[in-house]
Amino acid sequence: HCQCSSNYIEFGFGLLKISRSVSILILKNISLLITEAEGREKIVDRQMETDGGAGGGKDSASPASAAAQRWLFMISQRYQHLLDKSTPYILNRWIAFSIVAFAYGLRVYLVQGFYVVSYGLGIYILNLLIAFLSPQVDPELQELADGDGPTLPTRRTDEFRPFVRRLPEFKFWHSLMKAFCIAFVMTFFSVFDVPVFWPILVFYWFMLFTLTMRKQIHHMIKYNYVPFSFGKKRYDRRGPDTDESAALDRD
């Protein structure tokens, strides 16, 4: 019986040693976790302090503003991705613009108002059209300058140069889409419905359109350029050589 009791006592001391070592390991792991958490909290506090100092000391608004900026950045990135994908689809883009323009015209016709908004939209379209039909480098300004740099061909013997627009086709379409969408949204606010005698606005816009296009056509005739790809005269560089070789063969 004495031997059995001594064995039980030794076994109990062994269990106590094992439990003590296990508890020490657990406490060490807990202390490590606590120190890591404190370090992370310090890093977060420093970031919040720097963000608050950059934002004028508004620590409470910095998380909301950061989330809003992140959300706006994602939306703008997605919007730019869709624009980049729609670049080669010229016909589809202009069909979509025709639908938007028809929706705006139908809205104005049904409401029978917002003529000042339509007049402003027409002036903006006219400015975009002039920039779309104008060359990137104005020949008139090029003549007043030193005369260096690329110019438009004015003679048959000049080297062919492609027409480079001041406003490219994609930017022209994009600006028109934005203008019509903004004008369409403005028709839902009565503050923009200014009462006016609309025939005067229509007459004034057509007068501006006639005078501006007349000036632009004179500019095209003076400097001998056409702002479209079709209708350009393209000359074969081997044309004169082939004619001379054919004449020699006949001789």
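R93 lies over the face of W173, at 5.1 Å from the ring centre; a charge sits over a ring if NZ of Lys or CZ of Arg is within 6 Å of the ring centre and within 35 degrees of the ring normal. This is a predicted model, in which local features need pLDDT of at least 70 and side-chain atom pairs count only at pLDDT 80 or more, while totals for chains, interfaces and linings use all residues. Residues are numbered from 1 along each chain as its sequence is written, and side-chain values use heavy atoms, leaving out hydrogens and water.

**Charged side chains**
- R93 and E169 form a salt bridge (a side-chain nitrogen of Lys or Arg within 4 Å of a carboxyl oxygen of Asp or Glu), with 3.0 Å from N to O.
- This pair links distant parts of the chain, 76 residues apart: R93 is in helix α3 (residues 90-111) and E169 in helix α6 (residues 169-186); helices are DSSP runs of H or I, at least four residues, numbered from the N terminus.
- R93 is buried at 3% relative accessible area, whereas E169 is partly exposed at 22% (buried is under 20%, exposed over 50%, partly exposed in between, with a 1.4 Å probe and protein chains only).
- The charged end of R107 sits over the ring of F188, 4.1 Å from its centre.

**Aromatic rings**
- The structure holds 11 aromatic pairs (rings of Phe, Tyr and Trp, the last by its six-membered ring, with centres within 6.5 Å; planes under 30 degrees apart are stacked, over 60 edge-to-face, the rest tilted).
- F170 and W173 form a tilted pair, with centres 5.7 Å apart and planes at 40 degrees.
- W173 is buried at 7% relative accessibility, and F170 is partly exposed at 21%.

Note on methods:
Helix = DSSP H or I, 4+ residues; strand = E, 2+ residues; numbered from the N terminus.
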